Amino acid sequence: MDILRFITAGSVDDGKSTLIGRLLYDSKSIMIDQLEAIEKQSKNKEDGEIDLALLTDGLRAEREQGITIDVAYKYFSTPKRKFIIADAPGHTQYTRNMVTGASNSDLAIILVDARNGVVEQTRRHSIIASLLNLPHVVVAINKMDLVNNSEDVYNNIVIDYAEVATSLGLKDIKYIPISAINGDNIVEKSTAFPWYEGESLLHILENVEVANDINYTDARFPVQYVIRPQTEALHDYRGYAGKVISGIYKKGDKITVQPSGLESTIRAIEIGGKEVEEAFAPQSVVLHLNDDIDISRGDVIVLKDNQPSVENELDVLLCWMGNKPLIPGNKYLLQINSRVTRAVVKEIEYKLDVNSLLKEPAPEQAGLNDIVKVKIKTASPVPFDSYKKLRVNGGAILIDETSNVTVGACMIQ
Amino acid sequence: MSQHRLDYLDLLESESIHIFREVAGQFERPALLFSGGKDSIVLVHLALKAFRPGKFPFPLVHIDTGHNFQEALDFRDHLANSIGEKLIVRSVADTIKEKNLTEQKGKFASRNALQTYTLLDTIEEFKFDACIGGARRDEEKARAKERIFSVRDEFGQWDPKLQRPELWNTYNGRIHKGENVRVFPISNWTELDIWNYIKRNEIELPSIYFAHEREVLEWQGQLVATSEFIQLDETDKVSVKKVRYRTVGDMTCTAAVESTASNIDDIITEIIATKTSERGETRIDDRVSEAAMEDRKKNGYF
C-alpha cells in the first residue's frame, strides 16, 4: 500500500466538489455524523437532495457564498492505496491555489463539463498541470447524463483535448466518461456507457504507477539540520540530518557538498537510529562522512559523479502569488528546499498567457496569478536541477522579506 | 526497483521527520505541545526518530486545564521522564486566578476556550516562535484547510484567507517579532494511520485508550465519565460500562465509546468498522456549532 496525491481541477459548475464528495462517499470515507451534518444543511436548500459538495467546503465564508476559497486536503483509503486529494478552486483569480495544490501532486483530474467541452478553463488547468510537470493526467468528462451518455460527444471532447495535450507535452493521459452526481464510473464501472472500454475512475487512481516517478539516478540530499549531541559518550558524533529527495546513497559513496565543492565519502547512514547500508528517496536519514568538513543547513550533498547545476543566475518560470505586484529590480529571498539566499528579479522576459500558452510582451510588472519568465540573480550560488528534469530540486519559492509572505513559485529552467 | 519502495506509513513518517527537522533548522525557540493523547505521543516518537542521539531542540509543553484524565497526566510524566526531555507544564487554573477569568457554567463547564489564554501566555513567557502540534487534517473541516506551517499573529489568531501558499516540501517559517508559527507534522495522517503506526512501532499508550470499566453518564447518546468536574442531576442515568477512549481531551468534553477492545489489533478492527468520525463520536465541544473549530482556531486555539 502506497500513497497517491492528486489534485482535482475544475470549477464548482463542473461538479468538482460533487466528484470528491462522491469518491469519499462511495469509498465509505464519510461517517454517519458528517453525513447527518450535511443532510441538515442540504435541507435548507430547495431540492432537498444531499449536496455532496458540502463535504469539501470547510469554512463559513465558503458555505455562505457557495465557493471554495483555499486548497483543502481530503483523505481516503482503499486496500490498495492511501489517497490525498488537494482540492483547489478553479476560478481565474485562484491560479495560485491550483499551482500550490499541484506542486505536491502525482496526478491531476481535469474535469470537463460534457455539455461545454474543452473550454478556456480546461486549457488553463492543463497548462498549469504541464508547467508543474505533473506525471499523470486523468481527463474526467463529467455530466455525461446531461448529454444522454453520448459516445459521440465523449469522442469529440477526447479529440479536442488530445490536441491540447500534444501542444503541452502532457505525458500519461487517460480519459473517462463519468456522472459524478449519479456515481457513474466513479467507484464501479457503470453500465451507462457500454461503449467505454476503460476502467472506473477509482480503479485508474488505484493503479497509476507512481513509484516509477521517483528519480533514483540523480542523488540529492539537502542538509536540514546537524545533529551534534556533544555529550561525553558521543563526543565526536556529527550527523547530517535531511531527506534524500532523489537518488540512492550507499556507504562508501564518494560525495561532493554543494555549493562549496568540498569532497568526502559516506561513512555511515542511519534511519531512525539504526544503521543501514543504503538510503533512497524519499527517506529521511542521517548521513555521516569520513572527513570533518564544513557543512551546514542549506548545503546539498550529492554523489561526486552526478552533479547538479550550481549557478547564481537562474532562468525561472515564475507564478506570482503576491497581492502586491512584482517589480523588476525588487529583492526577495529565494528558498529552495532548506537553502535560503537573497535574490533579485532582474528582468521579466515575457508573460505567459495561461489560456493559450502564447508568449506576450514583457509587462512592466507582474500581478497576482501571472505566470512570467524572469531572470533571477542570487547573492550566493544555488545548487539546483532543471524543474523539468527533477521536480524536487528545481522548484523554489520567493519570499517578500518585508512581509515574510510567500509571493512566488519558481520553476527553474 | 522494487526493493526501493516505501509503504504509506514509511512515507508519512519520512514526511513528518522532514517537517520536524525544518522546525529545528528554521526556529530559535520551538516547543512541542504535548497533551498526553495518542497524536502527541506519536509526535514524540517521530521527534525521537528525527533527532536522536541528539536531544530534542525543544521542550515538551503541556497546557494543563485541570480537567485532565489522571491516566493521561501520569503517562505524560512517565514519557518525559523515560526519554529524558524537558517538560514544561502551565496550568489554566493559574491563569484563571491571575487574570480573573470567568469560568463556563453548566453541566459540562469546559475550560477548552480558556486554555487558549494559558497557551498564549506560555508562548509569551518562553518567547516560543514555533509550536508543534498533533492536529490532523482529517479530523475536522477547518483543519483540512490549514497549512503545515500555519502563521499566527501576536494574538495567536489564524486567518484562513491570508494563508501562505505552501509549495512542494518547502516551508516558509519566517515571521515578525511577536508572531508564531503552529506546525503540524502529522497533517496528512488519518486516525487509522496513527493506529497502524502505533502498532508497527509498538508505541506505548495511556491505559484509557484500551477497554476498561468506568462509571459513565449517558448524555444525548454519548458516554461521559463521571468526575468532580461534571455536575450530576437526580435524573441523570449513571452506570458502569466497559469503555475506551478514542480521543483524550478534557474529562468535561471527551466522551468514551463502549468497547471490549483490549489491544491495538482489536482497536484497529473497531476503527475500520466504525460509522462515526473520531471527533463526532467523542468530542462534546465540536457540537456547539457548524463552525465551532473554525472559530476556536481564529481565536488562537491550535
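Mentor: In chain B, the centres of domain 1 and domain 2, taken over C-alpha atoms, are separated by 24 Å. This is a predicted model, in which local features need pLDDT of at least 70 and side-chain atom pairs count only at pLDDT 80 or more, while totals for chains, interfaces and linings use all residues. Residues are numbered from 1 along each chain as its sequence is written, and chains are lettered from A and ligands numbered from 1 in the order in which they are written.

Domain 1 of chain B covers 2–194 + 291–298, and domain 2 covers 206–287; such bounds come from an automatic or database domain assignment. Where the two domains touch, domain 1 of chain B contributes 22 residues and domain 2 of chain B contributes 20 residues, two residues being in contact if their C-beta atoms, placed from the backbone, lie within 7 Å.

On the side of domain 1 of chain B that touches domain 2 of chain B, at least two residues each come from α3 (70–83), α6 (191–200) and α9 (292–298) of chain B. Helices here are DSSP runs (H or I, at least four residues), numbered from the N terminus. Of these elements, α3(B) gives the most to that side, with three residues.
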